[in-house]
Amino acid sequence: MFALSPRLRVSASRLFLDLPPILVYTYSMLSALFNPQSIAVIGASADPKKVGHAVLKNLLQYNYPGKLIPINPSCPEILGLKAFPAVSASGSVVDLAIIAVPAKFVPETLIDCSAAGIKAAVILSAGFKEAGAEGTLLEQRVKDIAKERGIRVLGPNCLGLINTGNDMNATFAGGMLPKGRIAFFSQSGALGIAILDWALGNKIGFSKFVSLGNKADLNEIDFIEYFANDPDTDIILGYIEDVVSGKRFLKAAAQATRSKPIVLLKSGGTEAGARAASSHTGALAGSDVAFEAAFRQSGVIRAAGVEELFDAATTFSGRKLPDGNRLLIITNAGGPGILAADTAERIGVKLPQMSKETLDSLIKLLPPSASVYNPVDLIGDATSERYAAALEKAVADPNVDGVLVILTPQAMTDVDNVADLAVRTSATTDKPILTSFMGSLSVKSAVEKLKQKSIPNFSYPETAVRAFKKLADYRQWQGVKDEEITLGWFNEDAVQDQIDALMKRGIYQVGEEEAMAILACYGFTFPKRTLVMTSREAAAAATAIGFPVVMKISSPDILHKTDVGGVKIGVKTAKEAEDAFLSITANARRFMPQAYIKGVMIYEMVKGGKEVILGVTRDRTFGPMIMFGLGGIYVEVLKDVAFRIAPVARRDALSMVNEIRTVGLLKGARGEKPVDLSAIADNIVRLSTLVTAFPEIQELDINPLVVMEKGAVALDARVIFSQPR
């Protein structure tokens, strides 16, 4: 009998059900890392060249207010503080241990920390899984001790962490971050140091800084969850090479991005990059396609490089989001305005015209040679008064969601006054004002004013337009309502029976007939078909179905039927059907004499429609991933496909359809009638539901799925199951 899926309703905001049991780490448990009342620096040293010396010096130099306890069995005093041979010998209550001893001593150090009641530790030491097999075993020992004794561990092989809120610099990097509202985590210590230096040079404020290292325990997900609830953090930035748990990452990120933007730089997108990432931290990253899909589904903004990560920090520092995607450009130079307009059109930012009333009033305030249309060109001799007139009208106009002020330092331009004007106007509106003060020396003081008041400024107008697009996209994501995935009545029992039967026979790859039987249980439609054993049966069956027909060899051993001459298309008469039967079976026996041949399948020949492909593959990090694109030869030639992580809500399914570059062919090109895009989305959701319910399915292709003006019919399918290890 039909069984109602136990996964009847799945919240798209949660994205996933049936997560493996995980330890849920609360906000308060991680607070010991950022707000300890006392810190033991294990491996503290009087030698300025040692990591333990640098950490202790930073904690002292930047006025960490808590108690500091140096641990070193060889030194009675370090940097004016009494040192102890072990934490357990200090006689003090310690909240956090910073461990900077050789890797081989870390396990016994953790045991001593446990004896002293410490519940959080930062392991700076290198020489673990990034160093090879021996280091991997050592890291596992550290993980086991930490788990057994209830110690939360950051690292190993990390730089440490910073909390500007309590002046705690528990790193061995030089310099202290300015105070601000950006939290940053990094899997690379070196990149973390670069971020520190950039923040100091650009006076960008941060709330927290975390170097993840090898992520033996605490990882990017723990800190996303923490920062999402941190009242001192507005923006979350990060650099990652892999993700520990794909399902948990998606859930945490989707929840966090509802209130705070997350911008991630993900490396390892190429084969060479993945190899480098693996050798760097011992990470086994999922595919870059899967990460791209995961970021899209969870609202994470992906930075293409370090510069774009920095730009994103600048972009969101203004803490204002546009209501829509309409940008007005104000400039005193035609060229930069045109560059900005070109960029806007390429990336989908709208350039609206202000209302007639606004234009009429602005025309009276500007010289005749100025242009009041978008971009608003104030011309080269523009003063701050002209900028004031244009900016005041722009922020008040209902057709404008945000404003970009471009300035080139020409002879008549009072640069600092324009900066003051942007600051004052920004204080009066909820609309984001972005600036592009171009140049260097002539605009230096003005740019400093903009930074001090968190007005995002960019050296180039193209970058500023892309920044506005990020703001608009993020606001759109925040406005998307949670969608319930409503599942239908599917015959799960029948699918399970079929999979069990195949497994018992040792069959882990099936072609269209067995695949169709499985897919039919989840609502997929197929052409009329029948299996025949003789040429006479072929003629009769083809006549009953109606010519023309398609005939294919039926054999569980022959998956690629065309390669063995096992397919005939467009069979038009009973005589052709008889001849085709004899030809197909003879070809199959000649090319694959050992194959078991059940007979020949005769299919109704589907006419018209457009061919698309649906596919499934399992990513090592995120699990089942759904693919959609044009079918037939196009998928190989154009590689124009879209991906999502299962389960896929119907809204995301429709987004997949509209995401491919060639969607115009499906919507009707050159007078052709459009096909049923809704049917494609329905089938994507069905496929997503199937592979979510049955983890045995490793790969699946439906190629082609022929989409008509109404409905869709699957013509061929293939399923690969995971084999027992």
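View 1. With a relative accessibility of 12%, Thr429 counts as buried; here buried denotes under 20% relative accessible area, exposed over 50%, and partly exposed the range in between, calculated with a 1.4 Å probe on protein chains only. Thr429 is placed in the loop between helix H14 (415–426) and strand E19 (433–437). Helices (H or I, at least four residues) and strands (E, at least two) are DSSP runs numbered from the N terminus. When neighbours within four places in sequence are set aside, Thr429 is in contact with Lys320 and Val395, contact being defined as heavy atoms within 4.5 Å.

The model is predicted, so local features need pLDDT of at least 70 and side-chain atom pairs count only at pLDDT 80 or more, while totals for chains, interfaces and linings use all residues. Residues are numbered from 1 along each chain as its sequence is written, and side-chain values use heavy atoms, with hydrogens and water left out.

**View 2. Confidence along the chain.** The average pLDDT of the protein is 90, and 92% of the residues score at least 70. Over residues 1–26, however, the pLDDT is below 50, and this stretch has 56 contacts in the model beyond near neighbours in sequence. The pLDDT expresses the predictor's confidence in each residue on a scale from 0 to 100. Where pLDDT is low, the predicted coordinates should not be read in detail.

**View 3. Strand E11 and its parallel partners.** Strand E11 (residues 179–186) pairs with strand E12 (residues 206–211) in the parallel sense over five bridges. Between E11 and E12 the chain passes through helix H5 (residues 189–202), and this β-α-β crossover is right-handed. Right-handed means that, with the strands pointing away from the viewer, the path from the first strand over the helix to the second runs clockwise. Strand E13 (residues 235–240) likewise pairs with E11 in the parallel sense, over five bridges. Two strands are taken as paired if DSSP finds at least two bridges between them.

**View 4. The salt bridge between Lys215 and Glu220.** The closest N and O atoms of Lys215 and Glu220 are 2.6 Å apart, and the two residues form a salt bridge. The term requires a side-chain nitrogen of Lys or Arg within 4 Å of a carboxyl oxygen of Asp or Glu. Lys215 counts as buried at 8% relative accessibility, and Glu220 counts as buried at 0%. A search of the whole structure finds 31 salt bridges.

**View 5. The salt bridge between Lys470 and Glu308.** The side chains of Lys470 and Glu308 meet in a salt bridge with an N to O distance of 3.1 Å. Because Lys470 belongs to helix H16 (residues 461–479) and Glu308 to helix H10 (residues 306–316), the pair ties together parts that are 162 residues apart in sequence. Lys470 is buried, at 17% relative accessibility, whereas Glu308 is partly exposed, with a relative accessible area of 26%.

**View 6. The salt bridge between Asp640 and Arg661.** Asp640 and Arg661 form a salt bridge in which the closest N and O atoms are 3.8 Å apart. Asp640 lies in the loop between helix H21 (634–637) and strand E28 (641–645), and Arg661 in the loop between helix H22 (650–659) and helix H23 (663–667), so that the pair links parts of the chain 21 residues apart. Asp640 is buried at 5% relative accessibility, whereas Arg661 is exposed at 63%.

View 7. A search of the whole structure finds zero disulfides, a disulfide being a pair of cysteine sulfur atoms within 2.5 Å. For Cys75, the nearest cysteine sulfur belongs to Cys113 and is 18 Å away. Cys75 is partly exposed, with a relative accessible area of 22%. The sulfur of Cys158 lies 14 Å from the closest cysteine sulfur, that of Cys113, which is too far for a bond. Cys158 is buried, with a relative accessible area of 3%.

**View 8. Ala256 in helix H7.** Ala256 is found in helix H7 (residues 246–256) and counts as buried at 2% relative accessibility. Residues up to four places away in sequence not being counted, Ala256 touches Ile224, Ala228 and Ile262. Ala256 and Gly175 are 81 residues apart in sequence and, from C-alpha to C-alpha, 30 Å apart in space.
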